[in-house]
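Please read the points alongside the model.

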Amino acid sequence: MVAPSGSHTIGQARCVTFRARLYGESRIGPPVAASLKASCPSYGGDNNLSPLDVTIPDVLRQRLATSATCNDLGSFGNNFANAMCKMGGLSPLAGPSGQITTNCRRVN
């Protein structure tokens, strides 16, 4: 499950892609919002970058990016495909137990 998780958590996002949500919604926790606002002003800085997952330290991000799996695209592709097949067998929580995201860019 590391391969598909990494596809979402390793990397950075441009300020322009999350600014409206950062300054327009109140559901972002204050510590996270403060961290993002430090690198993403309300105006300008469209190309400023912020980590997609602030819980993964930069050292871990660098180690994962240079791991043997990442350097071997065939191995990475196989691992990614196998993990996606496993995820396809998971039953999502529905009703009062959970929710299915209808738009990955927004909170339902």
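1. Helix α2 passes helix α3 in a left-handed crossing, that is, with the near helix turned anticlockwise from the far one by less than a right angle. Helices here are DSSP runs of H or I with at least four residues, numbered from the N terminus. The model is predicted: local features need pLDDT of at least 70 and side-chain atom pairs pLDDT 80 or more, whereas totals for chains, interfaces and linings use all residues. Residues are numbered from 1 along each chain as its sequence is written, and side-chain values use heavy atoms, without hydrogens and water.

2. The axes of α2 (residues 15-24) and α3 (residues 30-39) come within 11 Å and cross at roughly 130°. The two helices are therefore oblique to each other, the class left after under 35 degrees (roughly parallel), over 145 (roughly antiparallel) and 65 to 115 (roughly perpendicular).

3. In the contact (heavy atoms within 4.5 Å), F18, L22 and Y23 of α2 meet A33, L36 and K37 of α3. Of these residues, five are nonpolar, none is polar and one is charged.

4. The largest nonpolar core has eight residues: A13, C15, F18, L22, I28, A33, L36 and C40. Both α2 and α3 give two or more residues to this core, and α2 gives the most, with three. A33 touches L22 and I28, leaving aside residues up to four places away in sequence.

5. E25 lies in the loop between α2 and α3. This residue counts as buried because its relative accessibility is 17%, the limit being under 20%. With residues up to four places away in sequence not counted, E25 touches A20 and R106.

How values were computed: Axes fitted to C-alpha atoms, helices over the stretch in contact; angles between N-to-C directions. Nonpolar A, V, L, I, M, F, W, Y, C, P; charged D, E, K, R; others polar. Buried < 20%, exposed > 50% of the residue type's maximum accessible area, 1.4 Å probe, protein only. Core = buried A, V, L, I, M, F, W, Y, C linked by side-chain atoms within 4.5 Å.
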